[in-house]
Amino acid sequence: MLELSEEQELVISALGDLAANEFAENAFTDDDERPVKNIRTLADRGFLGINIAEEYGGGGMGEFEAMLTIEVVGEVCPDTAEYLYNQQLVAPRAIEMFGSEEVKERYLPGVTDGEETIAIGISEPEAGSDVGSMNTRVKDDGDRLVLDGEKTWVSHVPHSTAAVVWARFPEGLGSAVIDFDWDGVEIQEHYTNMHGGSQSHFYIEDVELPETHVLTRGKEGFKKQLQALNWERVGSATLANSIARCAVSKALEYAQQREQFGREIADFQGIEWKFAEMIKELEASRTLAYRAAIESEQRSRPPNRLQASLAKLYSGEMVESVVSEALQIHGANGYQRGHPLEYLYRFARGRRLAAGTDEIQKNQIARVLKTHGLPTVV
Ligand SMILES: Cc1cc2nc3c(=O)[nH]c(=O)nc-3n(C[C@H](O)[C@H](O)[C@H](O)COP(=O)(O)OP(=O)(O)OC[C@H]3O[C@@H](n4cnc5c(N)ncnc54)[C@H](O)[C@@H]3O)c2cc1C
């Protein structure tokens with residue numbers, strides 16, 4: 001679909017081979033273990049944190065390349081792709097973009113060598129979509145900063161050492177990085193979601209926040225943080241695209257070996273049309289995500305709100321319907337507990353909620369249209 005540079009081709013083909021040869025056996029696990037073995041392999045081969053600077057052990061490439069890694073790995077093992085998405089485009093991304101040198105040196109090498117995972121804590125019990133109403137606060141008494149509040153639905157906490165948390169500073173919203181083993185940080189509960197992943201609730205009580213751990217504060221700082229959130233949306237879209245790709249590839253394989261009425265079911269026009277529809281939707285979704293990324297690269301700034309929300313919205317709707325059709329092609333087999341399609345179906349559903357719901361993306365899209373009119377022709 002896209003012209004890749006020689007270096008990009010090299011990375012993608014090496015990673016594709018690695019995923020095909022080594023990740024398939026751990027794919028579609030239904031417990032909350034991170035794909036530990038795959039993460040180790042990725043770290044050992046230098047594929048973790050491909051978009052993090054080389055001085056912190058990363059690959060020194062960009063977010064576009066990070067997206068390619070998510071897609072190529074996700075076709076084989078969507079859980080490993082989710083890990084790459086989280087650790088390349090969410091919390092560690094914010095640390096690299098906004099962190100002090102001390103914080104970058106403290107956290108990023110652990111991420112790129114696969115030893116540490118950083119969670120993202122935005123949601124609160126009373127502040128889900130309405131992020132602006134959050135109650136987690138930083139008090140600044142001149143000598144020290146003190147953080148108090150609670151976060152919920154936070155993914156990957158059981159195996160994370162730290163979290164980037166969003167909080168209300170005296171001058172408005174901002175963000176900071178905290179360690180889970182600091183005094184006053186207490187994990188209350190881990191919930192298990194439909195996909196089998198864990199989402200946790202934790203309290204932050206009277207936690208002294210070193211100045212160095214503040215990532216953004218003040219109007220301008222937080223504006224930048226919101227723009228960076230568009231990478232999370234485009235990353236979420238890429239993850240959804242990779243889940244759909246995985247489902248279509250499994251359906252294609254199945255349809256070409258399952259026979260009914262004396263022929264492969266892949267040869268029935270009803271099934272052929274399902275494939276045409278699935279690929280149509282998937283490729284449209286990929287186009288939106290890559291358009292957002294390429295435009296961002298050309299302008300050297302995070303993806304714009306319209307492109308990011310379009311990619312996120314479309315991919316969530318697409319993956320739900322594509323995975324459902326891929327399951328349909330598998331007949332009763334695909335409906336059995338433990339079957340990859342059953343697993344992907346549950347995994348896919350979360351994409352319409354996580355990283356901002358469909359409805360919130362629609363609000364964003366409408367707001368941009370009302371303020372700036374239609375997107376430019378080119
Ligand atoms: C798989 C998964 C992983 C997640 N991981 C994390 C994580 O790591 N860190 C984290 O902080 N959070 C995480 N979340 C939480 C996620 O960010 C929230 O679920 C999401 O922001 C919505 O908040 P809510 O669930 O409180 O729903 P609510 O905000 O209460 O919304 C409920 C419904 O009302 C709709 N709605 C709300 N406001 C409007 C409006 N203005 N217009 C129209 N409709 C509206 C919503 O779209 C939704 O359909 C995760 C969620 C999921 C499902």
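Helices H9 (residues 305–329) and H10 (residues 340–349) pack at an angle of about 165°, with their axes 9 Å apart; here axes are lines fitted to C-alpha atoms, for helices over the stretch in contact, and angles run from 0 to 180 degrees between N-to-C directions. H9 and H10 are therefore roughly antiparallel to each other, given that angles under 35 degrees count as roughly parallel, over 145 as roughly antiparallel, 65 to 115 as roughly perpendicular and the rest as oblique. The model is a predicted one, in which local features need pLDDT of at least 70 and side-chain atom pairs count only at pLDDT 80 or more, while totals for chains, interfaces and linings use all residues. Residue numbers start from 1 along each chain as its sequence is written. Helices (H or I, at least four residues) and strands (E, at least two) are DSSP runs, numbered from the N terminus.

The crossing of H9 past H10 is left-handed, a term for a near helix turned anticlockwise from the far one by less than a right angle, with right-handed used if clockwise. On the H9 side, Val 319, Glu 320, Val 323, Ser 324, Ala 326 and Leu 327 meet Leu 341, Leu 344, Tyr 345, Ala 348 and Arg 349 of H10; two residues are in contact if their C-beta atoms, placed from the backbone, lie within 7 Å. This contact of H9 with H10 has 8 nonpolar, 1 polar and 2 charged residues, where Ala, Val, Leu, Ile, Met, Phe, Trp, Tyr, Cys and Pro count as nonpolar, Asp, Glu, Lys and Arg as charged, and the others, Gly among them, as polar.

H9 also packs against H7, at an angle of about 20° and with the axes 8 Å apart. That makes H7 roughly parallel to H9. H7 passes H9 in a left-handed crossing, and their contact comprises 18 nonpolar, 6 polar and 4 charged residues.

A further partner of H7 (residues 218–255) is H4 (residues 78–89), packed at an angle of about 170° with the axes 10 Å apart. H4 and H7 are therefore roughly antiparallel to each other. From H4, the contact takes Pro 78, Ala 81, Glu 82, Tyr 85 and Leu 89, and the H7 residues include Trp 231, Gly 235, Leu 239 and Cys 246. By class, the contact of H4 with H7 holds 8 nonpolar, 4 polar and 2 charged residues.

Turning to the domains, the protein is divided into domain 1 (6–112), domain 2 (118–216) and domain 3 (220–372), with bounds that come from an automatic or database domain assignment. The centres of domain 1 and domain 2, taken over C-alpha atoms, are separated by 24 Å. Their contact draws 17 residues from domain 1 and 20 residues from domain 2. On the side of domain 1 that touches domain 2, helix H5 (91–98) and helix H6 (101–112) each supply at least two residues, and the largest share, 5 residues, comes from H5. That side of domain 1 has 9 nonpolar, 3 polar and 5 charged residues.

Finally, the ligand lies between domain 2 and domain 3, because both give residues to the shell around it. Among the 20 residues around the ligand, Gly 128, Ser 129, Gly 350, Thr 357 and Glu 359 come nearest; a residue is near a molecule or strand if its C-beta atom, placed from the backbone, lies within 6 Å of it. Strand E1 (118–121), strand E3 (145–155) and helix H11 (358–372) each supply at least two residues of the shell, which divides into 8 nonpolar, 11 polar and 1 charged.
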